Amino acid sequence: MDDQDIFSKRGSYRQEIIKNENDKKYFNKVTNNNGNGNENENENKERIKRFKQDNKIKTNEMRKIHMNDLNEYYQKYKEEIDLKLKINKKKLSVAMVFGYDGTGYYGLGYQVDIKYPSIENLIEKVLFRCGHILPSNVGELKRLKWSHSSRTDKGVHSLATVISCFLVVDDDTFKNDINQTFIDNINNYLPSSSIRLFTACKVSRSFQARKKGIERSYNYMVPSEYLNNIKINEMNKILQNFIGINSYHNFTSKRNTYLSNNNNSNNNINNNNHEKDDNEEDEEDEEEEDEEDEVENNNNNNKNNNNNNNNNNNNNNNNNNNNNNNNNNNNINNYRLNEKLLFRNNSTNIRNIKSFYVENEIIEIEGKSWYKFVIIGESFILYQIRRMMGFFLSIVKGYSTVEALELSLKSPFSICVPTAPPFPLYLFNVKFDENSNVEKLFSNPEPIQLLQSNFLQTQLIPRFNEIEFQTNQFKEFFNYLENSHDFNLDDIDQLRILNKQYQTEKEERKAKQNELLLKEKQQETIIEIEKENRKIKK
C-alpha cells in the first residue's frame, strides 16, 4: 500500500516538509551562534528554541502516524468511498447537532496523536466513509472550514454540540430543510451507544458554529449523599458569587496572567493597566484539552509554579515593591507583591456567567440520588466549570470560604482551585445569534428534544451511576480536599491588604483613563468648532 496515497500530492503537505527543513536549518544556525549578549540569556533562548524544535519533531512524527492511519482507513473502504464520491458532487455548508458519551474519548477536539482518540476524529472518519469528505481534504479539518460550538475535554459529554463544515453531497440532499436519509446514513456508522447525530441542515457559507454561538448551558450532577443537610437556598447563595463578568485566571491551566519581567519595569506597569490584550486571540470554548492532563498534579503544582516564577522577578522589582509598600505590608511576601504588580486582565480569562444554580428536584438514578447544577454562560475555558464546581463544593463542605472565592475571581493573586470530577458534566444546550440562519436546525424542536432526552436517559444518566460506583471519584475528590489540597491562602490576611490597594489603584487608573478620554473628546469638539468657524468665514 502506498502510505501517502491521500497526502503526497497536497501542496500544503509539501510546503510543511519544506518549512520543517527550513526551521531545522534556522534552529541549527541560531543555536550555534552565541552572540554578544548576556551569556545566561543566550543559554535560556537556546533552551527555548531547542524545546520548540523537539516539539516540532514530535508533532511531525505524530502527523506521519496519523496520515498512515487515515490512509489505511481509506484503503480498507476505498471501493465504498470512491463509489459514493461519484454521486456526491455538490459542495454545501452543513450544520450538524451531535450528542455523545465522552467516556473513553480524549475530548471532542481533533487529535493528531492517534494514541488519544477523540470524538471529532471518529466523526471525520464516518463522514469520509459516507462519501461526504474528499480524500484530498481528509486529515485537515481547516480545509472544510470545520467549527464546533463547544469543545469538551476527556470524559465530558454532550447533548447539543453543533459542528459546521463544508461537505460534498448528492443533488437531492438538503433540497428540503432537513434530510433524514443523510442523518440515518451517518448514524449507521457511528457507535450507537456513544455518539448520535440528532439533526442536520444546510446553512449559509459564512456560518461558523463557534463564532455564532452566543450562550452555552451545561449541567453538572453531584450525588446527594455528599450534600446531605445542606439547604438548596444556601447552595444557591454561594453559587450567586459566580454571576457576572470575572477573570477566571485561577480556574484554568492556561493562565497567561502575569506579564514577563524581561521588559523594563515601566513598561510592565503600563501594560498592567490594560484590561484586555487585543493581540490575544480568544481561546476555544469549554474544557479544551490537547492531551491527557493530570488535573490533580496541576492543582498541587500551581502554587510551586507561581512561587518560582514570581521569585525570579524579585531582584528586578525591588524598587517597584518599595514604592508600592506602605506601613501595613512590611512583612508581605515579595512574590505576592510581584503578582499584584505584574497581573493583567487577560481577555482569554474573562468570562460572563449568566446563571448558576442547583435545581430543587433531586434526580433518582437506579436507587441513587443526584443533584443537578445548571451553569449558563457566553463561553467557557479549559477546566473552568469543573473548577467552579470544585470551589463551590469546597466551600459548602467547609474546606474554604466565600471570601477565598471572591479573592480568586476579583483579585490579581494566584489561588489553587480544586478540579471536580469530569464524568457528570455535559453540554445541555447552545443558543445562536438570531442572524445566524440555523433556525432550521430547531424549526421542529420536539423530535430533536425527544432524541436528546432519550439519549440522556438511556445512555448518559446510567453512565453517571456506573462510573461513580466503579471509580468512587467523588469520594476520592472529597478525601483529597480534606487531606491534601492547598488553596495557597496561608497569607490571606496579607492578601486582604494588598487587594484593597489593588482595587484602589485600579479605580484610580480608570479615573485617569476617563479623564484622558474626556480631554480627547473636548479637543475633538474644539477642532470641529474651529473647522465650522473657518467655513463660515469663507
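What percentage of the 538 residues in the chain is buried? In this predicted model, buried residues make up 49% of the chain. The fold contains 16 helices and 10 strands. The chain exposes about 27,800 Å². Carbon and sulfur atoms supply 44% of that area.

Contacts were then examined along the sequence. Among contacts with a separation of 6 or more, 82% join residues 24 or more positions apart.

The largest nonpolar core holds 74 residues. Within this core, M235, F373, F391 and L393 touch the most other members. Helix α12, spanning residues 384-396, provides the largest share of the core, with eight residues. A second core is separate and has 38 residues. M96, I119, V126 and F174 are included in this second core.

Neighbours within four places in sequence were left aside.

Helix α16 covers residues 492-537, a run of 46 residues. From first C-alpha to last, α16 reaches 67 Å. This is close to the 68 Å expected at 1.5 Å a residue. Which residues of α16 are buried? They are I492, L495, L498, N499, Q501, Y502, K506 and R509.

Technical notes
Residues numbered from 1 in each chain as written. Predicted model: local features only at pLDDT ≥ 70, side-chain atom pairs only at ≥ 80, totals over all residues. Heavy atoms only, no water. Core = buried A, V, L, I, M, F, W, Y, C linked by side-chain atoms within 4.5 Å. Buried < 20%, exposed > 50% of the residue type's maximum accessible area, 1.4 Å probe, protein only. Helix = DSSP H or I, 4+ residues; strand = E, 2+ residues; numbered from the N terminus. Contact = heavy atoms within 4.5 Å. Areas by Shrake-Rupley, 256 points an atom, 1.4 Å probe, with all protein chains shown as cover. Expected span 1.5 Å × (residues − 1).
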